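Look at the fold as a whole before turning to single residues.

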Amino acid sequence: MLSVGNFLSEDEDEYIQNDLNVRRKILRQESNIFSMTDSQFVSYFRLSKDAFKYVLGQITPDLRNRVKSTSVPNTLKLAATIRILAEGSYQKGAGNDFNVSLSQSSVSNVFRECIEVLHNKLCPNWISFPTTEEEKYEIKEHFLKNTGFPGVIGCIDGTHIKIVAPRMEERFKYLNRKGFYSLNVTVVCDHKLRIRYISSHHHGSVHDSLVWNTSDLKQHMKENFDNGERNTWILGDAGYPLEKFLITPFRSADEGSPECRFNKIHSKTRNIVERAIGVLKNRFRCILGARQLHYTPDICGKVTAVCAALHNICIHFKIEMPIVNANPYFMTDSNDVEMNDDLNALDIRSSIMLSLSN
């Protein structure tokens, strides 16, 4: 059967496209996302109205200036971008949400522009490892009071972010042991579930321990230790090497032994990072894994870091955390490899174990 389109002239095609563009322009001009109720706004964008306006104010100076009257307002640029992050929406669907009225190609351009600016503006300011003594003391006190484990300033874990198959010559790097393409992302969180460190550019095929060993965080903590910092560490599972500033559990601890008690308290304390990752992924479902990110690995890494920064902003603005569902793409590298543990680190862990037994 012949389509009506077969009988349209080029002039008619152009007329229809121009009419569609005009309609989209009118809808954009009439769109007001802030007319939603507060609860609707958070449900759609994860941010409160105040948090959204804060983010918009931070990135507006770096967004491209509007030249044509048909240009997309910055408010709608950010709305379309966060909608994709929040729901993992396809770009065409995000463009049609809330009368944003953007074509798929426009949403694609807007998304890439906003992600770049969000990554450059938000991540350095909203994802930072504890550096002041006041900050470290607050975090240590909370963990000690709530779990009994001393000296903890953060908990570390790895998680995989599902991505679409990269270029053919790179695919083997990103194919993880579960058989899908991913980024292996390292996260450190504090007692408030804030992401204090994220490394989101490593190939999915690499082990958590390799990510750690090549990280600037390890170098930072080593320098602090070498400069005399003591009784300060992060907790990791058995997939990480035991270090003087990274405490891991004992392997094969006998039930009822001091080592077993240590492991239980260690697990209770470290569990917060798994919860933080769960909250992050359920808040910004584009990285949850039900649908892979359809961008280059570089952009996928930036998307993940931006989600972490926005997650911290949500905590700052006291936005209710989502219910965390089990993630079928959660992976752990625990017990995959044997480590050559640092002898001094063994002594430190034994000292902690004795303090927990008293």
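This is a predicted model: local features need pLDDT of at least 70, side-chain atom pairs count only at pLDDT 80 or more; totals for chains, interfaces and linings use all residues.

Residues are numbered from 1 along each chain as its sequence is written, and side-chain values use heavy atoms, with hydrogens and water left out.

The chain has 14 helices and five strands. Helices (H or I, at least four residues) and strands (E, at least two) are DSSP runs, numbered from the N terminus. Of the 358 residues, 51% count as buried. Here buried means under 20% relative accessible area, exposed means over 50%, and partly exposed lies in between, with a 1.4 Å probe and protein chains only. A contact means heavy atoms within 4.5 Å. Among contacts between residues at least 6 apart in sequence, 69% join residues at least 24 apart.

Start with the sheet. Strands of a sheet pair through backbone hydrogen bonds, either parallel or antiparallel. In this model five strands form an open sheet in the order β3-β2-β1-β4-β5, with mixed pairing. Two strands count as paired if DSSP finds at least two bridges between them. The edge strands are β3 and β5 (246-247), each of which pairs on one side only.

Strand β2 (residues 182-189) pairs with β3 in the antiparallel sense over six bridges. Two of the facing pairs can be found by name: L183 has H203 in β3 as its bridge partner, and T186 stands opposite S199 in β3. β2 and β3 form a hairpin with five residues between them, and L193 in the turn has a positive phi of about 70 degrees. β2 and β1 also run antiparallel, joined by eight bridges. There K162 stands opposite S182 in β2.

How many of the residues of β2 are buried? Eight of its eight residues are. Both faces of the strand are covered, with S182, N184, T186 and V188 buried on one side and L183, V185, V187 and C189 buried on the other.

Next comes helix α8 (residues 133-147). It has 15 residues and reaches 21 Å from its first C-alpha to its last, close to the 21 Å expected at 1.5 Å a residue; the expected span is 1.5 Å times one less than the number of residues. Its residues K136, I139, F143 and T147 are buried. Seen down the axis of α8, the buried residues fall within an arc of 70 degrees, so they line one face of the helix. The arc is that of the directions from the helix axis to the C-beta atoms. The face turned away from the buried side carries the exposed residues E133, E134, Y137 and K145. The cover over the buried residues of α8 includes β1 (152-162), β3 (195-203), α11 (216-226) and α12 (258-283).

Just after the helix, G148 takes a positive phi of about 90 degrees. In the loop between α7 (123-126) and α8 lies P130, which counts as buried because its relative accessibility is 0%. The C-alpha atoms of P130 and Y197 are 67 residues apart along the chain and separated by 9.2 Å. Leaving aside neighbours within four places in sequence, P130 is in contact with E135, K136, I139, I153 and R196.

Now consider the nonpolar interior. A nonpolar core is a set of buried Ala, Val, Leu, Ile, Met, Phe, Trp, Tyr and Cys residues joined through side-chain atoms within 4.5 Å. The largest one has 93 residues, and those with the most contacts inside it are F52, L85, F149, I234, I247, V303 and L310. Helix α13 gives the most to this core, with twelve residues.

H311 is placed in helix α13 (residues 297-316). H311 counts as buried because its relative accessibility is 0%. Its side chain is joined to that of R283 by a polar contact of 3.2 Å. A polar contact is a pair of N or O atoms within 3.5 Å; within protein, one must be able to donate a hydrogen and the other to accept it, and residues adjacent in sequence count only if both atoms are side-chain atoms.
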